[in-house]
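Keep the viewer open as you read.

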Amino acid sequence: MAKKILVTGGTGYIGSHTVVELQQSGCEVLIIDNLSNSNAEVIEGVKRITGIRPVFEKFDLTDMDSLKAFFNKHEGIDGIIHFAASKAVGESVQKPLLYYRNNIVSLLNLLELMPVHGVKGIVFSSSCTVYGEPDSNPIDENAPIKLATSPYGNTKQINEEIIQDFIHSGANIKSIILRYFNPIGAHSSAEIGELPLGVPQNLVPYVTQTGMGIRKQLSVFGDDYNTPDGSCIRDYINVVDLAKAHVIAIKRMLGGKSKQNVEIFNLGTGNGVSVLELVRVFEKVSGKPLNHKIVGRREGDIEKIWANPDRANSVLGWKAQETLEDTVASAWKWQQRLREKGIM
Ligand code: UD1
């Protein structure tokens, strides 16, 4: 029988791409999202790709009464992929309690109700941010967890610990924790993509908006790092590749194939790319120069980090497939689609 999967934050950037891949793999998908950083129109984009409208309920996961009512209404949910979270690093420094409440209470509520409703497993959306500034690269899952530099990063670490503690206490659920490197790009159809509210904080939406003339100029945060061209290095992973890893992970977990009750995987390409290299890739795929200037370092930035994805490659049988060029081109196509639609 088709697996019934709850995707929290399913109208968000990574969530919506995962909903598409889940549906295309035969899963029945239900979404909970409070639309705090996304739009219900995303559901239409999903439907245009897959032909299937996922069940969608708008409420906040910190609202336990609504969550209880949801589980009573939708029986037989097999597993959860938990994306819903606040994710702006800078904002988390300004509003720590908001971040701790949103990101931690949401998970607590889900975990508390899972055994009650026979939900067997949860895939958790974590981040390479838990590694802080790595001692060496590429970085594997056994690398030490560093003290978090923001409340946002701390919520990822705390949530990983909460899941582990709950399972170690004997709770009858399983979990797979996925630590993402830097997700970028959009679905090849350009029906869904990243749609940041306001001024983008992340590199690629800032680049594509600058290419479109929405922003005047990209500020490159620092060229005096200890890297070949002086700009920071990240591991940019295609969002559809990332979404596919979630489908593999949840099927592994629900199919009883997990080796341990909690498994952790890095999701990255294994390649480090600098900010200036990424700018050049954008210029190549868009065919136009990108207005950018070097400015000072951004506080809290990590100099260089990229994944050792061997465990995901061998254990999950998952590997990032898309090239950086195709991925940046997909982000540019999405930005152009937003313009055609008059959204941006
Ligand atoms: C950041 C967070 C990470 C979080 C992720 C969520 C930090 C240190 N890390 O990742 O914990 O999971 O966002 O999306 O904040 N850059 C520019 N100009 C810009 C924007 C970015 O030069 O206008 C550079 C940054 O200095 C960095 C790279 O681009 O070197 C990537 O930045 P970004 O997309 O914000 O991601 P991270 O900082 O890696």
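Contact between the domains involves 15 residues of domain 1 and 16 residues of domain 2. This is a predicted model, so take the numbers as computed from its coordinates. Domain 1 takes in 4-184 + 239-267, while domain 2 is made of 203-234 + 270-308 + 321-340. Their C-alpha centres sit 26 Å apart.

How much area is buried between domain 1 and domain 2? It comes to about 1,300 Å², with carbon and sulfur atoms giving 62% of it. On the side of domain 1 that touches domain 2, the residues split into seven nonpolar, four polar and four charged. What the interface does have is eight residue pairs in polar contact, both partners being at pLDDT 80 or more.

Thr11 is in the loop between β1 (4-8) and α1 (13-24). Is Thr11 buried or exposed? Its relative accessibility is 2%, and because buried means under 20%, Thr11 counts as buried.

The side chain of Thr11 has polar partners. One is the side chain of Asp33, in a polar contact of 2.7 Å; another is the side chain of Ser38, at 2.6 Å. Setting aside neighbours within four places in sequence, Thr11 is in contact with a list of residues that includes Ile31, Leu35, Asn39, Val42, Ile43 and Phe56.

Leu35, one of the residues in contact with Thr11, has a positive phi, near 60°, and is not a glycine. Leu35 belongs to the loop between β2 (28-33) and α2 (41-50).

Ala190 is another non-glycine residue with a positive phi, again near 60°. You'll find Ala190 in the loop between β7 (182-184) and α7 (203-212). With 0% relative accessibility, Ala190 counts as buried.

Then there's a cis peptide bond: the one from Asn137 to Pro138, with omega near -5°. Pro138 is placed in the loop between β5 (121-127) and α6 (151-168).

## Salt bridges

By the rule used here, the count for the model is 16 salt bridges. Glu41, Arg48 and Glu191 form a network of them.

Which residue does Glu340 meet in a salt bridge? The partner is Arg337, at 3.4 Å, N to O. Glu340 and Arg337 are three residues apart in helix α11 (residues 324-340), so about one helical turn separates them. Glu340 has 62% relative accessibility and counts as exposed.

Notes
Residues are numbered from 1 along each chain as its sequence is written. This is a predicted model: local features need pLDDT of at least 70, side-chain atom pairs count only at pLDDT 80 or more; totals for chains, interfaces and linings use all residues. Side-chain values use heavy atoms; hydrogens and water are left out. Domain bounds come from an automatic or database domain assignment. Contact means heavy atoms within 4.5 Å. Buried area is the accessible area (1.4 Å probe) that two parts lose on being put together, summed over both. A polar contact is a pair of N or O atoms within 3.5 Å; within protein, one must be able to donate a hydrogen and the other to accept it, and residues adjacent in sequence count only if both atoms are side-chain atoms. Ala, Val, Leu, Ile, Met, Phe, Trp, Tyr, Cys and Pro count as nonpolar, Asp, Glu, Lys and Arg as charged, and the others, Gly among them, as polar. Helices (H or I, at least four residues) and strands (E, at least two) are DSSP runs, numbered from the N terminus. Buried means under 20% relative accessible area, exposed over 50%, partly exposed in between (1.4 Å probe, protein chains only). A salt bridge is a side-chain nitrogen of Lys or Arg within 4 Å of a carboxyl oxygen of Asp or Glu.
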